[in-house]
Amino acid sequence: MNETPHLSPQEIVDLYKTEFGTGIQDARITERGEGVRKTKGYNVWIRVDRALLKPAIKKLIDMRFPHLAVIAGNDLGTEIELLYIFSVFYGTKFGEYMVTIGIRLPKTDLTVPTITDLIPGALISEREKQEFFGITVTGIPDGRRLFIPDEFPQGVYPWRKDETGIKPEMVRELWAIGRPKDRPAPPVPEKKPLQEESAAEGKKEKTGGAPE
Amino acid sequence: MNGDSGKKSTPYTIPIGPVHPALKEPVMFTFQMEGEVVKSVDFAPGNAHRGIEWMGMRRNPVQIVHLTDRICGICGIVHSLSFARAVEQIAEIEVPPRADYIRTILHELERMQSHLLWAGVAAHELGFDSLFYLSWRVREQSMDLIENLTGNRVNYGIIQVGGVRRDISDDQRPVIEQGLAYYRGLFDQMKAVFLDDSIIRSRCRDHGVLSYRDAQLLCAVGPTARASGVAFDVRHDYPYCAYGDLDVHTVLPPQEFGGPKGDVYDRIIVRLLEIAQSIDIIQQCLDNMPTGEILWEKKIPKLLSVLKKAHGEAIGRVEAPRGECMHYVRMDGNDAPATWKVKASTYSNLMSWIPMLKGEQLADIPIIVASIDPCMSCTDRVTVIRNGSAADLTKEDLTRLSREKTRRLLQC
């Protein structure tokens, strides 16, 4: 693989701007220094048109093989934003940058091509995005659910903030449910509530009939 | 268990998992076997998915810091540190340098206890129980130090957005120095019992190989990647906390052991060398420790009112004992963050199991699965299906198979 020399964060942004022109919606650099010397670490954020996702990642790979940390996602209301978070130039002393490539998908067309042909390790993250955001990754070699169990209802996507997200009736508050009844007794007796016995009994009846 | 469990021809399907009574993070494995040889591997994580990110998106950052403590039972610092660093970047909070140094000291102590815990687990999987007890005995010193500094053995509760919650007093310095003195010279002993042992070498050398290219393509992190020769260590590459001030190098398997081969043995070497490195880093921190405040803002309501106004997105990233740990946070002026994505190190290392396990023997599965240090928890219940009749193998049976292999080698 041809490796380009080490570039500064600004050079990476310039490279993308000359290559993709108006396809770059937004590009910015953030920096952060900690400790006594405040040695700077840099993050590059590039938002591109959705059609440019794979060319933009290909560009990164041609530069130096990047490490894909994760694909993160934001529910922005009418759109889902996917952020492909990479780091490049690892192995150089304080010379590694995070490069985040973001695309937006309208909720009417939540499809994105797989990048596992470029980076096979992206599979885990793509499977996770399918089940948590309800997007469709076209060409994914293995589209099964990853973390969510098979009996979890279809069409519910935990990280969505709209009507397809977790419904209030699916949430069970631990404080309201109390201790499961089918378990062995705890080694130390549980604290008695401050109310009268009868009041405690009444409360138990109310919460004891929780679903499942 | 599976649809093809009744078939009477190779490859046989062997499910392993998903629960294990001793360790956490259950994972379900399905192996296709031809005789003793693994032909293909499939795994299904998620048995311990608690929806922590969902919970976090309904809580304020100070509450989430305490939630992050509970993501992992071993890595109590890395998640809270990653999350706090992300929030600090969004709200432009300057962490006092002394807090950065205290964070670094605890970060390294955690690495020491985690690697020693792993060394014990690895010894146990190979059938060396004395070594398992020895490793966990020496681990106690680092646990005692962590308890002394934070007040807790697990769920430390030391990180706060903007700094740390407890200072290191002058009285505690000699305690840390004593602890470090205890661990100096430990590497030579660990090298003698682990690396110079001919049985461990024959069980681990050239087993569970992950090539340099595969480590890159499958996004491996931490000691798993470094054992394959990928120089990828956040502490060295991307300055955070006190690491920008310190002399830190990336540990790769050295030439004296034959250079990086990417096998189980190399993963042992990398972890043992990193324990020695952590002692050095803590000593550097103690020598250069700045004075001053440890928190950006002591009053929680004041901190929260600043965080409530914060807009933006950031990535908090640290090198956990198992590799890169990363949190993406997006805040939009509400109490709770709009997005919180946690990427733990094992998340990146899962895919590496597939090339590692292919072509290996049934008895080598425990040590290879454990070699990426996945908070390994999967070899509990195995059903071997041969000629249509099922026989249950327990975790004990699988460990016994592994041990018998060691005994066979001992007799040769």
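Trainee: Which residues in α4(B) meet which residues in α12(B)?

Mentor: Bearing in mind that this is a predicted model, the α4(B) side of the contact includes Tyr101(B), Ile105(B), Leu109(B), Met112(B), Leu116(B) and Ala119(B), while among the residues they meet in α12(B) are Ile268(B), Ile275(B), Ile282(B) and Cys285(B). The residues of this contact divide into 13 nonpolar, 3 polar and 4 charged.

Trainee: At what angle do helix α4 and helix α12 of chain B pack, and how far apart are their axes?

Mentor: Helix α4 (residues 97-126) of chain B packs against helix α12 (residues 264-287) of chain B at about 155°, and their axes are 9 Å apart. Because angles over 145 degrees count as roughly antiparallel, α4(B) is described as roughly antiparallel to α12(B). As for handedness, α4(B) passes α12(B) in a left-handed crossing.

Trainee: Turning to chain A, what is the order of the strands in the open sheet, and which strands stand at the edges?

Mentor: Strands of a sheet pair through backbone hydrogen bonds, either parallel or antiparallel. Here the open sheet of 5 strands in chain A runs in the order β1-β2-β5-β4-β3, with mixed pairing. At its edges stand β1 (24-34) and β3 (67-75) of chain A, each having a single partner strand, so one side of each is left without a neighbour in the sheet. From one strand to the next, the twist averages 20°.

Trainee: How many bridges join β2 to β5 of chain A?

Mentor: There are 6 bridges between strand β2 (residues 39-48) and strand β5 (residues 97-106) of chain A, which run parallel, and Trp45(A) has Thr100(A) in β5(A) as its bridge partner.

Methods
Residues are numbered from 1 along each chain as its sequence is written. Chains are lettered from A and ligands numbered from 1 in the order in which they are written. This is a predicted model: local features need pLDDT of at least 70, side-chain atom pairs count only at pLDDT 80 or more; totals for chains, interfaces and linings use all residues. Axes are lines fitted to C-alpha atoms, for helices over the stretch in contact, and angles run from 0 to 180 degrees between N-to-C directions. Helices (H or I, at least four residues) and strands (E, at least two) are DSSP runs, numbered from the N terminus. Angles under 35 degrees count as roughly parallel, over 145 as roughly antiparallel, 65 to 115 as roughly perpendicular and the rest as oblique. A crossing is left-handed if the near helix is turned anticlockwise from the far one by less than a right angle, and right-handed if clockwise. Two residues are in contact if their C-beta atoms, placed from the backbone, lie within 7 Å. Ala, Val, Leu, Ile, Met, Phe, Trp, Tyr, Cys and Pro count as nonpolar, Asp, Glu, Lys and Arg as charged, and the others, Gly among them, as polar. Two strands pair if DSSP finds at least two bridges between them.
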